[in-house]
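Please examine the sequence and the structure shown below before reading the report.

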Amino acid sequence: MNTPMITFDDFQKIELRVAKVLSAERVEGSEKLIKLRVDLGEANLPIGQAGLPVGRQVVAGIGKAYEPEALVGRLIVVVANLEPRMLLGEESEGMLLAATNENGEPVILTVEKDVPPGSGIR
């Protein structure tokens, strides 16, 4: 693999945090995209209609490997300080991390033990 090297200072700019998936649904018009609402432990989150924190929206191309309802409640790893980006008309305010298995399918990175949403990855 011929990956360009980054400096340690560049790496320190990346904010990896644990996020708890609050809700997940497919993005209309896409087999691949799932829209997640995640809790990154941010203070004073707005409260939604169900009385739960709204969280931050992350759109991920994992829809062929995961059913949205199976993601709710899971702790995942997210790049929390990425500039927002539009994907099929949906704003994504972060990026979840996933490996790729031998079949080319995404495998979401999780944490081994329970930790609070927002916990930093070091």
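## The model and its sheet

The structure is a predicted model. In it, five strands form an open sheet, and their order is β3-β2-β1-β4-β7. The pairing in this sheet is antiparallel. Strands of a sheet pair through backbone hydrogen bonds, either parallel or antiparallel.

Which strands stand at the edges? These are β3 and β7, and each has a single partner strand. One side of each is therefore left without a neighbour in the sheet.

## Strand β2 and its partners

Strand β2 covers residues 34–39. Strand β1, which covers residues 16–26, pairs with β2 in the antiparallel sense over six bridges. Two positions illustrate this pairing: Lys20 stands opposite Asp39 in β2, and Val21 stands opposite Val38 in β2.

Strand β2 is also joined to β3, by five bridges, and these two strands run antiparallel. Here Arg37 has Gln57 in β3 as its bridge partner.

Is β2 largely enclosed or largely open? Five of its six residues are buried, so the strand is largely enclosed by the rest of the structure. A residue counts as buried when its relative accessible area is under 20%.

## The largest pocket

Rolling a probe the size of a water molecule over the atoms shows where empty space is left. The largest pocket holds about 310 Å³ of space. It is lined by 18 residues, of which Val59, Ala60, Gly61, Leu87 and Met95 are the closest to its centre.

Several strands contribute to the lining: β3 (56–60), β5 (85–87), β7 (95–96) and β8 (98–100) each supply at least two residues. By residue type, the lining divides into eleven nonpolar, five polar and two charged residues.

Ser92 belongs to strand β6, which covers residues 90–92. Why does Ser92 count as buried? Its relative accessibility is 5%, and the cut-off for a buried residue is under 20%.

What surrounds Ser92, leaving aside its neighbours within four places in sequence? Ser92 is in contact with Gln57, Val58 and Val59, among others. Its contacts also include Glu83, Pro84, Arg85 and Leu87.

Terms used:
Residues are numbered from 1 along each chain as its sequence is written. This is a predicted model: local features need pLDDT of at least 70, side-chain atom pairs count only at pLDDT 80 or more; totals for chains, interfaces and linings use all residues. Side-chain values use heavy atoms; hydrogens and water are left out. Helices (H or I, at least four residues) and strands (E, at least two) are DSSP runs, numbered from the N terminus. Buried means under 20% relative accessible area, exposed over 50%, partly exposed in between (1.4 Å probe, protein chains only). Contact means heavy atoms within 4.5 Å. On a 1 Å grid over the protein atoms alone, a cavity is a set of points where a 1.4 Å probe fits but cannot get out, and a pocket is an open set with protein on both sides within 12 Å along at least five of seven lines; lining residues have an atom within 4 Å of a point. Grid points are joined across faces, edges and corners, and a volume is the space filled by probe spheres set on the points. Ala, Val, Leu, Ile, Met, Phe, Trp, Tyr, Cys and Pro count as nonpolar, Asp, Glu, Lys and Arg as charged, and the others, Gly among them, as polar. Two strands pair if DSSP finds at least two bridges between them.
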